[in-house]
Amino acid sequence: MQSALAKFASVVMLLADGARPETIATALDSGAVPALARLREEGGLYSVTSCFPSVTGPAYAPFLMGRFPGSIGLPGLRWFDRARTVCSFPDYARSYVGYQMRAVDRDIDVGAPTIFELCTPSLGALNVIGRGLAQQQRIGSISARSAFRAARTHFAGNLAGWLQIDRDVASQVRQRVRVERPEFTFAALTGVDKVSHSRGQNDPMILDALKIVDDAAAGIRADAERDGRWEGMSLWIISDHGHSRVTQHEDLVKVVQDAGFRTMSHPWLYSRSPEVAVMVSGNAMAHLYVDLPSRVRANKLDARYTALGKALLARPSVDLMLMPGDGGALVSSASRGSALVWHDARGYHYVRESGDPLKISANLSAVSADAAYDATIQTDYPDSVVQIAHLASSPRAGEIILSAARDWDLRARYEPIPHFSSHGALHREHMMVPLLVNRPIHGTPKRTVDVMPSALAALGKPIPPGLDGHSFL
Ligand SMILES: [Zn+2]
C-alpha cells in the first residue's frame, strides 16, 4: 500500500490571492507560518512575474491553462464584446465580478485545454476558470447559495466573514484531497486580497489570512505523509498578483464624460447610444472601447479619440497608455515619451520613438520571450514587452488601455468596500508574485505561465502545444 501510493504523482496548488513575494518572505521569517517555512527550506521560494492585467480571473489563466489571459480571450475582469460573439444584448459587456463569473468557461478559447481537462480526477476551489470540472469536483464556487453568501459578505465588507470562507474552503480541500486523492488540485484562498483592498497590505490581519494557507499546507502534508503520498506530491503555494497602496481614486468614467463622450460602464450599463465603454480591472488598469457600433477594432483612432487619449495620458492617475494597432501597440508615458511594442514570427520588439516609456534603456529587436523577460525583469515593469504584446493583440482588448500611476486607481464610485490598495497595473508591485515549491527544482521559474506545464511534467503527462510557458522542472 505504502509503496504503491508513493509512486502516485499529484500536484496541489494553493493560491494565496494577492500575496506579494515580500509579504510571504516576511511571514516566513517571522516564524508565524511554520509549514510554509518548511517548504522553503526543503524546496525553494521564487519571485516570478504574473500577467497583464494583474487581476484575479485573467491572472488565473496562466496557472490553469498555461496561457496569458489576452491570448485566450480574457482581456480583463471587465471587457466589452465588440464582436458580439459571447456577450448578450443590449450591452455586450462582461464583468466577472458577480453572477457573470460563471460565463468565464464559455468565454475562453475552446481550443486551449484547461489543466482540469488534462488531469483526472481534479479538484477545484474558488478557481474562477473551471472548464473540465464536474459540479461535484468544485468546492465553494458558483452554486447559487455560495454566490449569494459570498456577495453578502463582499457587500458587507466583512473581513472576518471572508477569512471564515477561506477556512471552510481549506478544510474541505484538505479532506477531499485525503479521501479522493485527486491527481490535480487547485484551491484559491482570497483572504490576503480582501484584507489588502480594505485595510492595506501591512495590516496585521494579512498574517491571519496567511495562517489559513499555512494550516492548509500543514494538513495536506500531514495526511499525505501518513498514507505515503507525500513522496509523489508537488505542493506549490502561488499568487496571481501583487498589491500596492492607493491614496487617490480617479473617476475615469467622469473624466471621459467631461471630455464630451457618452459612456457605458459597470454597474449601470444601460445608456443611450454610448460612445465609449469604460471597463476597469483591479482597479489599476482599464480598457476603453471607442466607436462602439463597430464590430471590429479600429487600427487607427480618429481625431476625436486621439484627443481623448492625449487628455487621459495627461492625467496624474495614468502611468502608461497603450494603443493597440497593426499587430502591436504604441506605449506612451506623459513624462517618458512613446515606443512601439509588437510580436511577430521573428520575436518580440521594443522600438523607442519619442522616448523610453518602459525604462528599458535599449531597443529590442526580434528577441525571444526569455530575452525580453531578461531585459525587463529589473525595471519598474517586469516582463512588460511580452505582456503588452500579448494583451494588445487580443481582439477583445480596448482601443485605449491604461495602467494606473502609483497611489492611484481608476474607479471612484460603486465599490462595495473602500479600496486602500489595488492591483491590475504593469508595476512591479502588481506583477511580481511568489512561487513556493516543496522540492528543489533545477530550472529557474520565470512566469506564472510556467506553472501549468510544470505541473503536467510533475505528473508525467504530455504538455499540449501552443502554451505561453514552459516547465521549470
Ligand atoms: Zn483584488
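The structure, which is a predicted model, holds 0 disulfides. A disulfide is a covalent bond between the sulfur atoms of two cysteines. In the case of Cys87, the closest cysteine sulfur belongs to Cys51 and lies 19 Å away, which is too far for a bond, given that a pair of cysteine sulfur atoms has to come within 2.5 Å to be counted as a disulfide. Cys87 has a relative accessible area of 6% and is therefore buried; Cys119, with a relative accessibility of 0%, likewise counts as buried.

The zinc ion is coordinated through two OD atoms of Asp193, together with the NE2 atom of His197 and the NE2 atom of His423, at 2.1 to 2.5 Å. The angles subtended by these 4 donor atoms around the zinc ion run from 54 to 143 degrees, and the arrangement is therefore irregular, since a tetrahedral assignment would require all angles to lie between 85 and 135 degrees.

Along the chain, the donors of the zinc ion follow the spacing D-x3-H-x225-H. Asp193 is part of helix H10, which spans residues 191-199, whereas His423 is found in the loop between strand S20 (421-422) and helix H16 (428-431), so that the pair ties together parts of the chain that are 230 residues apart in sequence.

Definitions and conventions: Residues numbered from 1 in each chain as written. Predicted model: local features only at pLDDT ≥ 70, side-chain atom pairs only at ≥ 80, totals over all residues. Heavy atoms only, no water. Donors = N, O, S within 2.8 Å, 3.2 Å for Na, K, Ca; no water. Tetrahedral: all angles 85-135°; square planar, octahedral: opposite > 155°, others 65-115°. Helix = DSSP H or I, 4+ residues; strand = E, 2+ residues; numbered from the N terminus. Buried < 20%, exposed > 50% of the residue type's maximum accessible area, 1.4 Å probe, protein only.
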